[in-house]
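The following paragraphs go through a sheet and then a pocket. Please keep the structure in view while reading.

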Amino acid sequence: MNRIIGILFAIIVFVSCNSQKVYSDFDISYSKSGGVAPVYENLLIKGNNVHYSFEGQGKKYKQDFKISNEDLKKLDQVLSQNNFRRIQEDRKKLYDNISTSINIKKGPNEGSKSDASMIIPNYQTNWNNILETFQQIINTNVKKQ
């Protein structure tokens, strides 16, 4: 009996640890969170595999899909053209604001940026262009119930 309980416990621990792997094993991540009525939106890209999740406004979505090499190339091009690595974050603190974070773990645009403290005005257009590209990927591929 103790052996069965031990095996069940090991399976539960293994499954619970493995379920969080999708949130740490990515090449590119786009996440939006916060606000007075909290919203959480994540788009995680690893190779051509994409994991999307949304929670907020009384709704909850999760979807996995594939992204084409062409869309990945376009995303990388937009990041390069808009100088992702040079975008500067402001130091002003905002509260109850929906903020967006982008993390690139590999490639020439490797870096991490967030508008949680706003973006310096000179870089706002670049930031908006990058956000628009991520939003296009979501709008094109995610089928919300």
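Two strands count as paired if DSSP finds at least two bridges between them. In general, the strands of a sheet pair through backbone hydrogen bonds, either parallel or antiparallel. The model shown here is predicted.

By that criterion, six strands make an open sheet in the order 4-3-2-1-5-6, and their pairing is antiparallel. The edges are taken by strand 4 (59-66) and strand 6 (111-114); each has a single partner strand, so one side of each has no neighbour in the sheet. From one strand to the next, the twist averages 5°.

Strand 1 (residues 28-34) is joined to strand 2 (residues 39-46) by seven bridges, in the antiparallel sense. Along this pair, serine 33 faces tyrosine 40 of strand 2, and glycine 34 stands opposite valine 39. The hairpin of strand 1 and strand 2 has four residues between the strands, and glycine 35 adopts a positive phi near 105° there.

Strand 2 also pairs with strand 3 (residues 49-56), again antiparallel and over seven bridges. Here leucine 44 lies opposite histidine 51 of strand 3, while lysine 46 is opposite asparagine 49. Two residues separate the strands in this hairpin, and in the turn glycine 47 has a positive phi of about 65°.

The largest pocket is the remaining topic. What residues line the largest pocket? The lining consists of Asp27, Ile28, Ile45, Gly47, Leu72, Leu75, Asp76, Leu79, Ile104, Lys106 and Gly107. Among them, Gly47 is also the turn residue with the positive phi in the hairpin of strand 2 and strand 3. Helix 2 (residues 69-81) contributes the most to this lining, with four residues. Sorted by class, the lining has six nonpolar, two polar and three charged residues. The space in the largest pocket comes to about 190 Å³.

Methods
Residues numbered from 1 in each chain as written. Predicted model: local features only at pLDDT ≥ 70, side-chain atom pairs only at ≥ 80, totals over all residues. Heavy atoms only, no water. 1 Å grid on protein atoms, 1.4 Å probe; cavity = no way out; pocket = protein on both sides within 12 Å on 5 of 7 lines; lining within 4 Å. Points joined across faces, edges and corners; volume = space filled by probe spheres on them. Nonpolar A, V, L, I, M, F, W, Y, C, P; charged D, E, K, R; others polar. Axes fitted to C-alpha atoms, helices over the stretch in contact; angles between N-to-C directions.
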